[in-house]
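Subject: Structure for you to look at

Hello,

Here is the structure I promised. Please open it first, then read my notes below.

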Amino acid sequence: MTAGAVDDRLGRATRGPEVAQAAAVLALCAAVGAGCGWLWFTIWDPPVGVVFEGMWYLDEQGLRDEFTATGWFVVVGAVAGLLLGLLCALALSRSELVTLGALLVGVALATYLMWQVGLLLGPDDPRELAKAASDGDRLPGQIEVSGRSPFLVLPGTALAALAMTYATVPRRIRSHA
């Protein structure tokens, strides 16, 4: 573990490299999270529903497609988490503890940004739109995540990839990657 360079004038340890490393991890996680939100929205096909008496109801195909938003959120989050953990372990390994701490915060941020960007890009709530629509109008469903566990996929895979890389790749190889 590196403790940082010693500033001879003051006799204190400087934390510049570790702060820069943490900032790099956080910036990478934020960029990946926003990009994943866009990707999640792009590959998702909204379920379609029908308006009847001011209420929105999923049609038969829409009922089958209802889970796709959560499914794609999990798939995109898992791949992104694996890549983030691996990249941080290999490219940002000056201090493993700094990387771990920054990644813990960063993947929470990435997951939040992924969710919010997807929601922002997605269609409006069809239940609200149905109040002003005519009977028989077809409206797309809203992109959403069912339950809480999908929000743990990106952080879990990132931390698993980081741990596996730290456990299997010698530090001297990681520091030259």
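Accessible areas here come from the Shrake-Rupley method with a 1.4 Å probe; for residues, only the protein chains shown count as cover. On that basis, the chain has an accessible surface of about 9,900 Å². Carbon and sulfur atoms hold 67% of that surface.

Two notes on the source. This is a predicted model, where local features need pLDDT of at least 70, side-chain atom pairs count only at pLDDT 80 or more, and totals for chains, interfaces and linings use all residues. Residues are numbered from 1 along each chain as its sequence is written, and side-chain values use heavy atoms, with hydrogens and water left out.

The fold: seven helices and five strands. These are DSSP runs numbered from the N terminus (helices: H or I, at least four residues; strands: E, at least two). Their order is β-β-α-β-β-α-α-α-α-β-α-α.

The inside: 33% of the 177 residues are buried (under 20% relative accessible area; exposed is over 50%, partly exposed in between; 1.4 Å probe, protein chains only). The largest nonpolar core has 23 residues. Such a core is a set of buried Ala, Val, Leu, Ile, Met, Phe, Trp, Tyr and Cys residues joined through side-chain atoms within 4.5 Å. Helix α3 gives the largest share, seven residues. L154 is among the residues with the most contacts inside this core. Contact means heavy atoms within 4.5 Å. Leaving out residues up to four places away in sequence, L154 touches several residues, including G77, V107 and M114.

E53 sits in the loop between β3 (48–52) and β4 (55–58).

Best wishes
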